[in-house]
Amino acid sequence: MKNPSGDLRKILFKIAFVTGLILAVGICGALLFFSLNPGRNLFAGASDRDVFHRLLREYDAFLAASWTPPISGPAEPDSLNRMLDKLEKNAQGVETWLSVLKRRRNLALQSPRFLGQYRDAALRAAAAFPHSEPLAAVAVEALLLNSPVTEETAGTLKNYASRISEPRLSPLVLGIRILSGDMENSRLAASLRLEPLLAAGLPYLRAGLPDDEGDRLIADLGILRLLRGDISGAALEIQAISAGTNFSPLLHFMAEYYYDFGDPLRAAALFSRFNDEISMSRSADALWLGAEAAAARNIWKILAAPQGALSAIGLRSLYNLAVTAEDQPEAAAWLGRLFSEGQNDPSLWADPCFPAGIIRYTRLLDTQRALAILENEELQKQPLPDMELLRRRREIWPTDRIVAETWLLLGRYPEESALYQWGAYYFDHQRKYDEEALLIKTAERRQIGGPWLDFNAAIRLIGDGRLEEAEEYLRGIPRSAKIWQANANLARLLEFRRAPAEALEYYETAAALVKDPESASRIQLRIALCFQALGRIEDSRRVLEYALDLNPDNFKARTELKRISDE
């Protein structure tokens, strides 16, 4: 079944949507220093203070008398700028610099051609007083005002962020981290330890933000915890915002959290509060994971119902209905409609569910009908349908031609790991061991990786009698790889070492993964033999009967069942 990713990492980047607001609030904190400026320079002598304040009064008087925004002529702003130049020369402390920068900023906002002077002055002030947090905050705002963040400015922004520790400016620091690209990489974001920063800024943000924006920031804090594996801490953040909120993005975030962390039915309930196709689809996925198959399929049927052109969500719903069908005729009916919809609307072919559905559909058809579909030129431009075409041609082409075509297939898609995996399987199955060895060397040279390479290496080691090394390779394959043969072969090695209890565990894992009835029957036989080694004869008898249900032609299982029945 096709379940859309509920990867919460991508939600992290939604923090950027509130970046402007975060920066605005942070700058408001910085500008408090402007508003609280009492007009004194504590570090200058009396005469210096007098000169600065005289010039300041003259500037404000000239502004009040001759400048009613918007400015009507060029003389006034140019005169104001020259007066600010003179003021700056007489600014000798942090507070006097803040007074100058406040006025430069106002002039730049009214007349953008003076943005450069404002920016340069802010950088000069921050350089003159490197330990001043307000000047660092103003320099940040000056760099960002009507200017994109470049690689060069990102480094400067981070430098200023490192100077700021004032709690009410912490939202500004968070905004710098976002804009400088630190949040684009989830691992980097998790390593920054931003929770204290976010938490410190929340009182200042929540005081001036709507409830929904404040809730979003708490959600961001939860995401940061998730990225570092602090599931319990993230749960606390989720619970803090779960009561009474109706903010749509936040409800979606909560639903995705419950979907990914073990409460699919709660996720489905949250998704069901929305009527859009995506939310309905996610609700169906969650219901399926929560063992509510009938409810999930009902939603998929609604989404797949003929209502004009089929959407991508409708296509995926058709696919899900097919893979969860109770029998092959029903699956064939859903997949046949998927194929027909794709013929009517070629744009659907770009969705991964379409080629996957076509492959499933052709496997329910005879060779000639399957080839007629798979030989479509557009389908052959995609690696997996192209591989499926070659797989079906094994039924009509000689082995040597299939070998040659396999190499041509790899040449067309040299970076597609699944093709190498299939090629290695085919060469091994046909005992083309030289071809298999060359394929593995080619994959390694092209830096193609995957658990199947370790499995293949283990099989070669078993053939060479190097069982301990083979066991090490097989144990290194994660169970998430879902290679049933890896579990079955590891179990066989454990049987050989007279460890039937551990072997039984791996055989049962293989049995849960295998789809082919004949292979499943062989695994059940090995499970029965492990039960016998553990003295559990009745369990062995039951498993042998099941093995024969899977494959009545399993002669070894039938013989073993007769043997233990005669004892």
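The protein chain has 31 helices and 0 strands; both are DSSP runs numbered from the N terminus, with helices being H or I of at least four residues and strands being E of at least two. This is a predicted model, where local features need pLDDT of at least 70 and side-chain atom pairs count only at pLDDT 80 or more, while totals for chains, interfaces and linings use all residues. Residues are numbered from 1 along each chain as its sequence is written, and side-chain values use heavy atoms, with hydrogens and water left out.

Some totals next. Of the 567 residues in the protein chain, 47% are buried, meaning under 20% relative accessible area with a 1.4 Å probe, protein chains only; exposed is over 50%, and partly exposed is in between. Taking contacts between residues at least 6 apart in sequence, 55% join residues at least 24 apart; contact means heavy atoms within 4.5 Å.

Now to helix α17, residues 312-323, and helix α18, residues 328-344. Their axes come within 8 Å and cross at roughly 160°. Axes are lines fitted to C-alpha atoms, for helices over the stretch in contact, and angles run from 0 to 180 degrees between N-to-C directions. That crossing makes α17 roughly antiparallel to α18; the cut-offs are under 35 degrees for roughly parallel, over 145 for roughly antiparallel, 65 to 115 for roughly perpendicular, and oblique for the rest. On the α17 side the contact is made by L315, L318, Y319, L321 and A322, and on the α18 side by A331, W334, L335, R337, L338 and E341. These residues divide into 9 nonpolar, no polar and 2 charged. Nonpolar covers Ala, Val, Leu, Ile, Met, Phe, Trp, Tyr, Cys and Pro; charged covers Asp, Glu, Lys and Arg; the others, Gly among them, are polar.

Is L315 buried or exposed? At 0% relative accessibility, L315 counts as buried. L315 and L338 are 23 residues apart along the chain, and their C-alpha atoms are separated by 6.7 Å. Leaving out residues up to four places away in sequence, L315 touches L310, L338, L348, D351, C353 and F354.

Next, the pairing of α17 with helix α16, residues 293-304. These axes also come within 8 Å, crossing at roughly 135°, and the two helices are therefore oblique to each other. The contact involves R297, W300, K301, L303 and A304 of α16, with I313, G314, S317, L318, N320 and L321 of α17. Here the division is 6 nonpolar, 3 polar and 2 charged.
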